[in-house]
Amino acid sequence: MTDAQRLTPGEPAPSFTAEAADGSTVSLNDFAGSRVVVYFYPKASTPGCTTEACDFRDHLASLASHGYKVVGISPDKTPALKKFTDEQSLTFPLLSDPDHAIAEAYGAWGEKMNYGKVSVGLIRSTVVIDEEGTVLEAQYNVRAKGHVAKLRRDLGIDS
């Protein structure tokens, strides 16, 4: 299996609808008129994913003040997402994508190298979408630690 087609700036973001940690249904259309950071992470409550989620949590007010909303997507089922949200006091939606259809549509599912071994799974990725649903940024194989700081620099947001 090869990587799914990766998104590039200027193209329309694929539509999605998924169940959130709180049991509600969230879709890309819910963010129409806003800029949104959609980030894909492999597994809730693991060290790297916790680092990344807490980093987004800690910078959420600053991102919001620059017009960005945040949503995280993983293959986890909603009970795991609810636990993760509660344990880490996350205040943005985490969506369940157990069949990885959203990740595939966003190019965030495919072959990856992990500890020197090739496997197929979720590729830690971030896609920034503008008010009209167009991709502004698409970053793949990002590092959990320091990613939000790099993203803020890329978006021109000062710390």
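Ring pairs tie Y39, Y41, F56, F84 and F92 into a cluster; rings of Phe, Tyr and Trp (its six-membered ring) pair if their centres lie within 6.5 Å. This is a predicted model, where local features need pLDDT of at least 70 and side-chain atom pairs pLDDT 80 or more, while totals for chains, interfaces and linings use all residues. Residues are numbered from 1 along each chain as its sequence is written, and side-chain values use heavy atoms, leaving out hydrogens and water.

**The strand**
- Buried here means under 20% relative accessible area (1.4 Å probe, protein chains only).
- Strands are DSSP runs of E with at least two residues, helices are runs of H or I with at least four, and both are numbered from the N terminus.

**Its partners**
- β3 pairs with β4 (residues 68–74) in the parallel sense over 6 bridges, with V36 opposite K69; pairing takes at least two DSSP bridges.
- β8 (residues 125–129) runs antiparallel to β3, joined by 5 bridges, and V37 sits opposite V128.

**The rings**
- The whole structure has 6 aromatic pairs.
- Y39 and Y41 have ring centres 5.5 Å apart and planes at 35°, so they count as tilted (neither stacked, under 30 degrees, nor edge-to-face, over 60).
- Y39 and F56 are stacked, at 4.4 Å centre to centre and 25° between planes.
- Y39 is in β3 and F56 in helix α1 (residues 47–58), so this pair links parts 17 residues apart in sequence.
- Y39 and F56 are both buried.

Terms used: Buried < 20%, exposed > 50% of the residue type's maximum accessible area, 1.4 Å probe, protein only.
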